[in-house]
Amino acid sequence: MINIRFWVLAAAFAVLASPVHAAAVKGKVAFAGTPPVMEMVKMDTDPQCALIHPVGHRSEEVVVNADGTLMNVFIYVKDGLAGQKYEAPKTPVVFNQLSCRFEPHVFGIQAGQPLQILNSDPTLHNVHAVASKNPQFNLGMPIQGMKLTKTFMSPEAMIKLKCEVHPWMVAYAGVVDNPFFAVSGSDGAFELKDLPPGTYTVEAWHEKYGAQTQSVTIGAADETKEIAFSYQG
Amino acid sequence: MTSTESGLSVPDWPLSYGQWFPPMVGGIRFEHSHRMIAGIVGLLTLVVAVLFWRLEERASVRNLALAAFLAVIVQAVLGGITVRYFLPKPISVAHACLGQIFFCMVSALALVSSRQWIEGAPRPADQPGHLRAFWSAAAAAVFVQLILGAWVRHTGTGVVIHIVWALAVIVLGILAAAAVEGAIGHFRFLTFSGRFYLSCTVIQILLGVGAFVTTHDPKRGSLPRLGEILFTTAHQAVGVLVLMAAVLASITAFARLRSKSAG
């Protein structure tokens, strides 16, 4: 009797714990052509930054991985989720000013999700969100350890974030109204998980090379589709 | 400050990061220095306005001094608006142009309070009337050119019309300077104004070419280089000298010359 109850409960738990949709779109972003040599940005205008980077720091505008893939490409479901509502997570996305750079350089966040902005540097920074569909802000963060929280309420791809004190510090935020987004990493890979069946427009965006779209159809709840983007240098 | 993209490096106004004197790093060096110099200019203009109001007999000159002080107040407010509202383009352009107008107002005050002006007298009525027309047209053309230049600087658009309008500035300047050389060789200030205007215009063209080349360099990185900063800043500075020459020559032509019909 006890054994039967155990297995019934285990089976019920297994069903309830499984995601309703387990479909995914995954792939890689390739780079074709000769990778450009990024400028070495001098940080002499701030002694603290110069201490951290005495010879400067390579611009992150184009980062081609060793395997010929492209990093920092924002991929998201642009279309196909009409009528679906996704509650924004309460967990904030952390955006840090560290070693006179923004980390991460490109990130995604859901509309309504908090953005926690940190200054981890022993110098002052400010964060200017050059938004058009959301209110702009330009926040001074003069103290190390300072934290501020802002929220973008409207989807907007992409919002440029700048430090107006240190003009080399630039980042980009993709604000979307769904949780299906990713940023290509050091292997150029991305994965959009837990998509429901449907036909979607998936967009890839790069700060220098622009945007590309592809149409993807997910037929079954546990299907995985592979797509690839490629940018020409 | 615009050339180094430092306009928003201090996000608050009138204080800077809540202080009167913030750490002078990065773009703050330019933005806060700009504010400090503006404050000094404002105080000096207040002193000048008070002195003129108390000591100057000519009502027009007293009013000009007062207008200069009001202009610097408006300029400060425009500056605050550009910071608080993230550099709205029309306000940024207005801020740029009012600064140049203020410079001409102060230059005019210096001219009309100079000993040469006060002790001088209107010239005999043998001066051609078109002199006033040429100089006032040149001043207007230069001011339009400065508005167009400010628009290019703050929006990145309109460079073609700015280049084309430069022709108007050059042609009117040549006409005005030639009229002065030919007709009033002995009235030194106007002759000097004409030569100064043309000299600055030539320099301005060269600086404009430099500014255009450096801002459109395909190898330009994400940050402006020193050459671009120097060319664009110098181009703006010399532009106001051209305007000043035309404005002061216009004032002189209207106030110091009588037309043939008045003779």
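Are B:Glu119 and B:Arg115 buried or exposed? In this predicted model, B:Glu119 is exposed, and so is B:Arg115. Both residues belong to helix H4 of chain B, where they stand four residues apart, about one turn of the helix, and their side chains meet in a salt bridge with a distance of 4.0 Å from N to O.

A:Lys90 pairs with A:Glu87, the closest N and O atoms being 3.3 Å apart; here A:Lys90 is exposed, with a relative accessible area of 66%, and A:Glu87 counts as exposed at 67%. Another salt bridge joins A:Lys78 to A:Glu203, with the closest N and O atoms 3.0 Å apart, and this pair links distant parts of the chain, since A:Lys78 lies in strand E4 and A:Glu203 in strand E16, 125 residues apart. A:Lys78 is partly exposed at 48%, whereas A:Glu203 has a relative accessibility of 8% and therefore counts as buried, the limit being under 20%.

Turning to the strands of chain A, the reader can find an open sheet of four strands in the order E6-E5-E8-E11, with mixed pairing. Its edge strands are E6 and E11, each of which pairs on one side only, while E5 and E8 run parallel and are joined by five bridges, with A:Leu115 as the bridge partner of A:Val93.

Back in chain B, the axes of helices H1 and H3 come within 13 Å and cross at roughly 40°, and the crossing is left-handed. Among the residues making the contact are B:Val41 and B:Phe52 of H1 and B:Phe102 of H3; by class, the contact has five nonpolar, three polar and no charged residues.

How values were computed:
Residues are numbered from 1 along each chain as its sequence is written. Chains are lettered from A and ligands numbered from 1 in the order in which they are written. This is a predicted model: local features need pLDDT of at least 70, side-chain atom pairs count only at pLDDT 80 or more; totals for chains, interfaces and linings use all residues. Side-chain values use heavy atoms; hydrogens and water are left out. Axes are lines fitted to C-alpha atoms, for helices over the stretch in contact, and angles run from 0 to 180 degrees between N-to-C directions. Helices (H or I, at least four residues) and strands (E, at least two) are DSSP runs, numbered from the N terminus. A crossing is left-handed if the near helix is turned anticlockwise from the far one by less than a right angle, and right-handed if clockwise. Contact means heavy atoms within 4.5 Å. Ala, Val, Leu, Ile, Met, Phe, Trp, Tyr, Cys and Pro count as nonpolar, Asp, Glu, Lys and Arg as charged, and the others, Gly among them, as polar. Two strands pair if DSSP finds at least two bridges between them. Buried means under 20% relative accessible area, exposed over 50%, partly exposed in between (1.4 Å probe, protein chains only).
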